[in-house]
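Please open the structure in your viewer and keep the selection panel at hand.

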Amino acid sequence: MSEAGGGRSAFVVGAGILISRVVGLLRNTAFAYYFGSGTASDAYNAAFKIPNAVRNLLGEGTLSASFVPVYSRLLVRDDPKAAKALANAVLGLLLVAVSLLTLAGIAAAPILTTVLAPGFDPTTQALTTRLTRVLFPMTGLMVLSGWCLGIQNSHRRFFWSYASAALWSIAQIALLLVWGRRAPDAMTLAYWLAWATLGGAVLQIAAQLPEVLRLVGTIRPTFDRSAEGVMQTLRNILPVVTALGVVQISSFIDLQIASYLPQGAATNMSYANTLAMLPVSLFGVSVAAAALPEFARDSGTLAREALLERLRGGWQRILFYIVPSAVVFITLGDYCVGLLYRAGRFGAAEQQSVHWVLAAYAVGLVSFGSVKLLGSAYYALQDYRTPLRASIASIIVSAAVSIGIAVPMRSLPMAAAGIALGSAMGSYVNLAILSRGLRQRLGTLYTPAMWQGTRRIALASLVAGLLAALLRVAQLRWFPSVHPRLAGLPALSGFGVTYLAVAWAMGSAEAARWLRLPARKVSG
């Protein structure tokens, strides 16, 4: 696949992710309106995190790294029968695993809540346990959705595999809009929302299955470990699950720390994380997801320089979007938070608290967005140990920084930002290890041309940030009474337009595509 082809695939992935993420943001907006930051919202977010960990361990990330490379090679070999046998065998094994884990999770919900959120008061812990039992069956459904996504991506069907996730959010939005005002209290509404979340998972799979059936035919889960590729997939799964397990441990440590912070800390982290991960999903995940099947198809024959060029092009594309996003979240993050969440029970205090966390996450946005692409290269090369070592080092640094900052500040509203900053620092350690390993294996990843392009991105972001700051001052001086949801529109719009214009003037082909202008030739 050419670089242009990679860009088109990444665009299709990004379009699907954009739809699901925009609807996800609307879901969070509705959630903030009805819950704000309090006991019920903390309980829901904690309860969601526990079963979601199982989903992350066995779902999209694991299957993309372990199953997609093997399945894609069978497709390249033009052996649909073997590919179908592998898909059915992997599905059967997954269903057994998630069924056992789901039953165990429902039974152990009180213990899990006590261990993972020890700082919650008894009322919050009781609600968290109740919600966990409702949400745990979602893990099996979402793992099945991850299997569907792996099939779709291997066949280069990118859009609907990601866009279908919007249905999961739509089910929750519908519940909140129809029943939000009818609930007697926030705790009851949280319980109803948990059932809607489970129902949304069913809708997501129902939307994916028709296309999967067209691609592979009848689905018949088996336990045939002798099918070609099954043992290789299983060998791949162990280090990937271990690496993702390390990431989940990190998220649980974050939850444990947050449970000792002021009420609403866990919720504020969820609000900020959703917003911070939007550009990572749109640009980091989309580029990585589109690249992985191609890496897997070509890794056996692709020349080292060609693989490097694919990595370099993808990385530069990611940075074009991630760097300005980080600048916006740090300098104008309160406007972003206000635009999405400021209504109902979500007021000025919540807006400021979430901005602190968002700005801390933004510090690590470059690494959050880059590790997916570099990790995909390792998985395609069948190297699962290096990402595991990088994840272990990352969690150690993340936990140390989080505890070192958040615990001493636990009485302050911005204490949760210390946890987010720890995640950012840990992610940079992950990025450093991955990039060093690829450099030793393939050669220099960052060429002088890439450094020059990155400097241009940084300069365009700086110029756009300065103009946005001036627009912010003007708005505060002449239009101080504008509703918080609308106050940031001039500054945010000005930043976006200025960034694209300056980047285009400095020779960015990516900016030229957005502005529908010819790329400028710039010397130096």
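This is a predicted model: local features need pLDDT of at least 70, side-chain atom pairs count only at pLDDT 80 or more; totals for chains, interfaces and linings use all residues.

A disulfide is a covalent bond that joins the sulfur atoms of two cysteines. Select C148 next; this residue is buried, and its relative accessible area is 0%. Then select C336, which also counts as buried, at 9% relative accessibility.

Now display the whole protein chain as a cartoon. What does its secondary structure come to? The protein chain has 22 helices and zero strands. Its radius of gyration is 23 Å, close to the 24 Å that the globule rule gives for 524 residues, so the chain is as compact as a globular protein of that length.

Switch to a surface view. The protein chain exposes about 21500 Å², of which carbon and sulfur atoms supply 66%. Of its 524 residues, 59% count as buried. Among contacts between residues at least 6 apart in sequence, 83% join residues at least 24 apart.

Colour the charged side chains: 42 are positive and 19 are negative. The centres of these two sets lie 3 Å apart.

Finally, select residues 333-341, which form helix α14. Is this helix largely enclosed or largely open? Eight of its nine residues are buried, so α14 is largely enclosed by the rest of the structure.

Notes: Residues are numbered from 1 along each chain as its sequence is written. Side-chain values use heavy atoms; hydrogens and water are left out. Helices (H or I, at least four residues) and strands (E, at least two) are DSSP runs, numbered from the N terminus. The radius of gyration is taken over C-alpha atoms; the globule rule is 2.2 Å times the number of residues to the power 0.38. Buried means under 20% relative accessible area, exposed over 50%, partly exposed in between (1.4 Å probe, protein chains only). Contact means heavy atoms within 4.5 Å. Accessible areas come from the Shrake-Rupley method with a 1.4 Å probe; for residues, only the protein chains shown count as cover. Lys and Arg count as positive and Asp and Glu as negative; His and the chain ends are not counted. The place of a charge is taken as NZ of Lys, CZ of Arg, CG of Asp or CD of Glu.
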